[in-house]
Amino acid sequence: MIPHRLKSARAKAKLTQEKLGVLAGIDESTARSRVSQYESGTYSPNFDTMCHFARVLNVPECYFYIIDDAFAEQVLALYEVYKTTKY
């Protein structure tokens, strides 16, 4: 997981660390600290947790794992098109 991607997606969604954690199913008492540790790269969440974050942040799961920043932004743009044309 690329830590700065989680932070930028959260900021774009205008969510606090605590709110993101709670919406993703993390216990409220530890939500802020866990998200902070994920964003700083101290710890890495498991894939299931990342899927919860992706759903809350409305981004594809792969966005958090793409190394190239430019390509990650292209994937986000494609995902936006996909969401608007999905039947």
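**A guided tour from helix H2**

Begin by selecting Gln-17, which is found in helix H2, residues 17-23 (helices, H or I, are DSSP runs of at least four residues, numbered from the N terminus). This is a predicted model, in which local features need pLDDT of at least 70 and side-chain atom pairs count only at pLDDT 80 or more, while totals for chains, interfaces and linings use all residues. Residues are numbered from 1 along each chain as its sequence is written, and side-chain values use heavy atoms, with hydrogens and water left out.

Gln-17 counts as buried because its relative accessibility is 17% (buried means under 20% relative accessible area, exposed over 50%, and partly exposed in between, with a 1.4 Å probe and protein chains only). Leaving aside neighbours within four places in sequence, Gln-17 is in contact with residues including Arg-10 and Glu-39, where contact means heavy atoms within 4.5 Å.

Next, select Arg-10 and Glu-39 together: their side chains meet in a salt bridge at 2.5 Å, N to O (a side-chain nitrogen of Lys or Arg within 4 Å of a carboxyl oxygen of Asp or Glu). This pair links distant parts of the chain, with Arg-10 in helix H1 and Glu-39 in helix H3, 29 residues apart, and both residues are buried.

Then move to Asp-69 and Arg-5, another salt bridge, whose closest N and O atoms are 2.5 Å apart. Asp-69 lies in helix H5 and Arg-5 in helix H1, 64 residues apart; Asp-69 is partly exposed, with a relative accessible area of 40%, whereas Arg-5 counts as buried at 1%.

Technical notes:
Helices (H or I, at least four residues) and strands (E, at least two) are DSSP runs, numbered from the N terminus.
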